[in-house]
Amino acid sequence: MQLLNDMLNALYTMPLEGVSLWALVENVVLFAVALVIGHFLVKWNKDRVVSPPAPPLTRAEVLLAASCVMLNAVVTVAGVILWRAGIIRLRDDYSLLGAVVDTVVLFFAMDFAMYVFHRVAHLRLLYPIIHRTHHLYENPRPLTLFVLNPFEVLGFGGLWLVVLVIYHAGVPGILIYLTLNLAFGLVGHLGVEPMPGRWLKVPLVNYVSTSTFHAEHHMDKDHNYGFYTLIWDKLFGTLSPEYMSDFESAAG
Ligand SMILES: [Zn+2]
Ligand SMILES: [Zn+2]
């Protein structure tokens, strides 16, 4: 915990140029780690296909992914500025219970906020401005997680900062949540199903999203707007009726 405290102290006092460089390096490293892990997950599950193979990589995809990583760094810097200004408050809590509570609160708050944001992004007026870009790539590969319109990156980042302003989380919970966020985003864009075949037969676990779940959204835009769980899609009647059968044909 001493290391985390030292890092926080450094971020609090460092000039903003230093914070920007740190945020950029952090986001580039996370991007690279996600792509490497994604590459191996695709390789290990190559017979469990949930969507046709992605077409050859285009320059536009690479540029959009690069701009996403840079804008994520901008959101990170904005978060540090809000924290230094006392608008985002971090609880000084390194207990296990605190980390669990924070992770659960952030996970479900963001899951609900992103479900709402995603449905709003599909409204006819907003779709071409913020979300169509991501849906140009309907056969996802790990990189597709980062292939987003800049407005969409800032929209998701803004939601995250609003949640942090409202809820005073501790650093361990924030770090665990951010890891889960990256993991779920990656799983949703693998194009293969890494979850075990029994996934949908285990109560409660079957509410946790899978690769099939988000791949279906790329093929059918009227269903599966959630990200981490199926709760909101089940509650609001937007879960794909083919979810069980699609999952079983990929993972069964
Ligand atoms: Zn997607
Ligand atoms: Zn969508």
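1. His189 touches His134, Pro140, Arg141, Pro142, Thr144, Leu145, His214 and His218, leaving aside residues up to four places away in sequence; contact here means heavy atoms within 4.5 Å. The model is a predicted one, in which local features need pLDDT of at least 70 and side-chain atom pairs count only at pLDDT 80 or more, while totals for chains, interfaces and linings use all residues. Residues are numbered from 1 along each chain as its sequence is written, and side-chain values use heavy atoms, with hydrogens and water left out.

2. His189 is found in the loop between helix H7 (171-188) and helix H8 (211-219), helices being DSSP runs (H or I, at least four residues) numbered from the N terminus. His189 is buried, at a relative accessible area of 5%, where buried means under 20% (1.4 Å probe, protein chains only).

3. The side chain of His189 also makes a polar contact with the side chain of His134, at 3.1 Å; a polar contact is a pair of N or O atoms within 3.5 Å, of which, within protein, one must be able to donate a hydrogen and the other to accept it, and residues adjacent in sequence count only if both atoms are side-chain atoms.

4. In helix H10 (residues 243-251), the buried residues are Tyr243, Phe247, Ala250 and Ala251. They lie on the same side of H10, because they cover an arc of only 80° around the axis, the arc being that of the directions from the helix axis to the C-beta atoms. These buried residues of H10 pack against H8.

Definitions and conventions: Chains are lettered from A and ligands numbered from 1 in the order in which they are written. Helices (H or I, at least four residues) and strands (E, at least two) are DSSP runs, numbered from the N terminus. Buried means under 20% relative accessible area, exposed over 50%, partly exposed in between (1.4 Å probe, protein chains only).
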